[in-house]
Amino acid sequence: MKKEYQVFYVIKRGGREYLHHMFVMANNQREAIKQCKAVVFNRFPLAVVFEKTGRNAFRPTTKAPGEHELKRFANANEC
């Protein structure tokens with residue numbers, strides 16, 4: 001049975017981290033993250049960033065960041 005998951009993901013751009021989220025219908029957390037990754041990679045060319053820098057510019061999770069963690073994101077006032 002599918003459930004609705006809220007997937008949080010961080011995108012690094014220009015030395016800053018931006019927190020985003022989306023809602024996904026999936027059977028489990030792993031599937032929700034895979035769906036989110038597919039959507040985001042179609043929207044942003046993050047694979048190019050990974051090839052150039054060798055670092056992952058995309059970090060998905062289903063766990064909500066705490067108040068103390070929100071301060072490190074460049075768009076913290078929007079979250």
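1. Basis of the note. The model is a predicted one, in which local features need pLDDT of at least 70 and side-chain atom pairs count only at pLDDT 80 or more, while totals for chains, interfaces and linings use all residues. Residues are numbered from 1 along each chain as its sequence is written, and side-chain values use heavy atoms, with hydrogens and water left out.

2. Overall layout. The chain has three helices and three strands, where helices (H or I, at least four residues) and strands (E, at least two) are DSSP runs numbered from the N terminus. Read from the N terminus, the order of the elements is β-β-α-α-β-α. Of the 79 residues of the chain, 27% count as buried, the term buried meaning under 20% relative accessible area, exposed over 50%, and partly exposed in between (1.4 Å probe, protein chains only). Among the contacts in the chain with a separation of 6 or more, 51% are accounted for by residues 24 or more positions apart; contact here means heavy atoms within 4.5 Å.

3. Strand β1 (residues 3-13) pairs with strand β2 (residues 16-26) in the antiparallel sense over 11 bridges, and two strands are taken to pair if DSSP finds at least two bridges between them. Within this pairing, the bridge partner of Phe8 in β2 is His21, and that of Val7 is Met22. The two strands form a hairpin with two residues between them, and in the turn Gly14 has a positive phi of about 60°.

4. The sheet. Strand β3 (residues 58-61) is joined to β1 by four bridges, and these two strands run antiparallel; Val10 stands opposite Arg59 in β3, and Tyr9 stands opposite Pro60 in β3.

5. Helix α1 itself. The 15 residues of α1 (residues 29-43) should span 21 Å at 1.5 Å a residue, and the end C-alpha atoms are 21 Å apart, which agrees; the expected span is 1.5 Å times one less than the number of residues. In α1, Ala32, Cys36 and Val40 are buried. They cover an arc of only 60° around the axis, which puts them on the same side of α1, the arc being that of the directions from the helix axis to the C-beta atoms. An α-helix has 3.6 residues a turn, so residues three or four places apart point the same way. The face turned away from the buried side of α1 carries the exposed residues Arg30, Lys34 and Asn42. Lys37 is partly exposed, with a relative accessible area of 36%, and its C-alpha atom is separated by 9.7 Å from that of Val7, 30 residues apart along the chain.

6. Glu17 and its contact. Glu17 has its place in strand β2 and counts as buried, at 18% relative accessibility. Its side chain makes a polar contact with the side chain of Arg59 (3.3 Å). A polar contact is a pair of N or O atoms within 3.5 Å; within protein, one must be able to donate a hydrogen and the other to accept it, and residues adjacent in sequence count only if both atoms are side-chain atoms.

7. Pro60 in strand β3. Pro60 lies in β3 and counts as partly exposed, at 26% relative accessibility. Leaving aside neighbours within four places in sequence, Pro60 is in contact with Val7, Phe8, Tyr9 and Ile33. The C-alpha atoms of Pro60 and Val10 are separated by 6.6 Å, although the two residues are 50 residues apart along the chain.
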